Amino acid sequence: MSHHFPTHPIPAGFADAHITPEDYRRMYERSLVDRDAFFSEMASEFLSWDKPWDSVCSFDFVKGEASWFAGGQLNVSVNCIDRHLPERADQTAIIWEGDDPADNRFISYQELKDEVCRLGNALRARGVGKGDRVCLYMPMVPEAAIAMLACTRIGAVHTIVFGGFSPEALKDRIQSAECSAVITSDEGLRGGKAVPLKTNVDKSLTDCPSVDTCVVVRRTGADVTMVDGRDVYYDEITATQSNDCEPESMDSEDPLFILYTSGSTGKPKGVLHTTAGYLLQASMTFKYVFDYRDGEVFWCTADVGWVTGHSYIVYGPLANGATTLMFEGVPTYPDAGRCWDVVDKHQVSIFYTAPTAIRALQGKGDNYVSRSSRKSLRILGTVGEPINPEAWEWYFNTVGDGRCPIVDTWWQTETGAHMISPLPGATPMKPGSASVPFFGVEPALLAEDGSEIEGPGAGYLVIKSSWPSQIRSVYGDHQRMVDTYFSNYPGYYFTGDGATRDADGYYWITGRVDDVLNVSGHRMGTAEVESALVLHDSIAEAAVVGFPHDIKGQGIYCYVTPMEGIEPNDALKAELVQLCVEEIGPIAKPDVIQWAPGLPKTRSGKIMRRILRKIAENELDSLGDTSTLADPSVVEDLISNRNA
Ligand code: WTA
C-alpha cells in the first residue's frame, strides 16, 4: 500500500455521472441482498430478448456451477447492431485507425449490419452453424469485429487467437477447440512491418483435420497460397450474399466464445463464456465503469485476441450503441505521440490501455504528450496488471491534465468483464488501487488456512458468489475448471491473485500467487516457457520465473541446465530464445537466460521456485531456508553466476 500518494477526490464535472456515490452504495448493496430482482431489472434495461428468462441466477461454487437467465433467448449480434438501427443507422459504430495514420475507415451501424449479415450467410453456406467453433487469427481490422459478430449471428462459437502467437500455438488451439473454420488475413501490419498471418495458418493447418474452410481477408494484398476447396477470399464469398441474415436465437447459457489463457500448469485452457450473462456484464460495466455518454468515442487499445478486446472493443461498446475505435498499429509508430494524436484526430472521450504502455510512453518524455490538445478526453482507464503509483500520477497529470478520473479495472479472462474498479463519479481514487467491487461482485481475502480475513489485511483474492459473466467451463475439460478455480478453497472462486484491503475497503492487487507471469499485461505460464526450452536437444532441464521489469512489469528469467557434455555459449542462448518465439510467440522471448549446472531441488526432486525467484529478483538476503535442499551448493553457484 502506498502512503506517499494521497487519495484524489472525484474530479469536478462528475456530479451528473451515471453512478453517484449514493447510487453506488444503494445499487451495490441491492445487487447482493436482492440479487435476482436487481439483475432482472438490469437484464431488461440493457438487453433485448427473444424470450424472457424463467429464473435469474443459480449457482453452486462447491461444484463450480453457475447459470444466469435460464430459459431466456437472445442473439448477441441483434443486441449489438439491429436493435440500434432505428436510432443509429448512420452513426459510426467502428472508427478504424490504420497502422499508417493516413488509413482510416468509418463503419456505420447500418454498414456493420450488412457486413455481418453477408459474412454470416457466407459462413452458413460453407456449412458453419450453431455450436460450431470458428478460429479467428486476425490483425486489428474491422473484419475482426465483423467476424466475431457474424459468428454470434449464426450461433457459431468463436475462438480468437492473438495474431502474435506462433503457428505452433495456433495449431494447439485449433485442435483443442476442434474448429471447422479459420478466418484470417493475408498479412497483418504493425508499426510498418508485415506479419505473415496466412503463412502461419498454412503451417498450422497441416495438422488440423477438423478445418475445412479458411476465409482470407485481403489486408496488404500480399501473394499468399490458397488451397483449392479450403481457402476462400472474404471479399469473394461475401460479395454475392444478401444483407439480411436470420439471427439464431440462442439460449442464455449457450456458448458464446472460447478464449485460451495461460494457467500455472499444462497447456493454455479454453475459457468458455456463455451468451446472456457475459453480454450483460460487458454491457453494464462499459456504461457504468466508463460512464459512457451517447455519442462519445471510446478507445480501448487492446488487441481483439485478448479478453479486453472482446469485452471493450466489441461487445460492451456495441451493446451500448457506442462508437468504438479500433487501432491497427502500435503506440510508438510513427512516434511515441501516436496515441495522443489519434485522441485529437477522432475526438476520443475515453481512453483505456495497459500500465506497460503508460510506462513505455512516460519514458519517451512529455513532449510527445504536450504537442496534442487532449481536450476531448474525459476518462482514462487501465487494465492488465497493477499500475505503479508513479505511472498513475503521470497518466493522471500529464495525459489527463488532472481533469480525468482513472479507472483501474481488475478482472480476468475468466471473469469476462470488470470486477473491481473505481466508478468515475462515485469513487475517490487511490493511485495503484483497483478500489471497489462492481455490482454483484462479492470479493473476499483468504488466509493460507482458508479462513476469511475481516477488515484490513492481505490474502488470496477470491470471489464468494456468482457474477453474470463468470467462466462456465474449460472447453473439453470441465473437471479442469473445477480443479483450477473451485478446489483450492471449496465454495470460493480462486482468482490466482493476491491482494490487500485497506481500512476504506479498497482492494490493492499485489499480483499472481501462482506460476503465471504477467509480461506487459500478457499472461504466460512458466510451464509453457519451460516446455519450449526443453524441446532443444542440448537442454536437460529448465526453470522459469518472473522478475521485476521497469517497462514490462515482469520479465522472463530462465535457468537452463545443458545436457552432459554440452558447452553452453551465446549461440545456444540465441537458439533457445528463437525456440520460445517459435513455440509460443514473440511475447515469450526470454529476458535473461542463466546457465544452471544444477537447480535447487528438495530431496523429493521438486524445484524450489521460491529460491529461484529471489535470485532473479536479486533479493539475496531473503533466500530463506535452503537446508532442505538435496544439494545446497547449487544455490551458491546460481548466485555467483547471476546475470540479470
Ligand atoms: C492481472 C486481463 C492488477 C491479474 C483483463 C489478473 C491486474 C490477470 C489488473 C488477468 C489490475 C488484470 N490490477 N492486476 N487492474 N487487471 N490484472 O486474463 O493478475 O489477461 O489475474 O485478463 O491480470 O489477466 P487476463
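Modeller: Bearing in mind that this is a predicted model, we can start with the second largest pocket, which is lined by 21 residues, and S264, T484, N488, F494 and D514 are the ones that lie nearest its centre.

Colleague: Which element gives the largest share of the lining of the second largest pocket?

Modeller: Two elements, α16 (478-485) and β24 (493-501), each supply at least two residues of that lining. The largest share amounts to four residues, and the element that supplies them is α16.

Colleague: How many residues of that lining are nonpolar, polar and charged?

Modeller: The pocket in question holds about 370 Å³ of space. Sorted by kind, the residues of its lining comprise six nonpolar, seven polar and eight charged.

Colleague: Turning to the ligand, which residue has a side-chain N or O atom 2.7 Å from a nitrogen atom of the ligand?

Modeller: Of the 17 residues around the ligand, those that come nearest are D408, T409, T413, D497 and R523. A backbone N or O atom of G384 lies 3.1 Å from a ligand nitrogen, while a polar side-chain atom of N518 lies 3.5 Å from a ligand oxygen. The side chain with an N or O atom 2.7 Å from a nitrogen atom of the ligand is that of D408.

Colleague: What percentage of the ligand's accessible area does the protein cover?

Modeller: On its own, the ligand has 520 Å² of accessible area, and the share of this that the protein covers is 96%.

Colleague: Which elements give two or more residues to the shell around the ligand?

Modeller: The shell itself is made up of six nonpolar, six polar and five charged residues. The elements that contribute two or more residues are α11 (307-319), β20 (406-409) and β25 (507-512).

How values were computed. Residues numbered from 1 in each chain as written. Predicted model: local features only at pLDDT ≥ 70, side-chain atom pairs only at ≥ 80, totals over all residues. Heavy atoms only, no water. 1 Å grid on protein atoms, 1.4 Å probe; cavity = no way out; pocket = protein on both sides within 12 Å on 5 of 7 lines; lining within 4 Å. Points joined across faces, edges and corners; volume = space filled by probe spheres on them. Nonpolar A, V, L, I, M, F, W, Y, C, P; charged D, E, K, R; others polar. Near = heavy atom within 4 Å. Polar contact = N/O pair within 3.5 Å; in protein donor to acceptor, adjacent residues only side chain to side chain. Areas by Shrake-Rupley, 256 points an atom, 1.4 Å probe, with all protein chains shown as cover.
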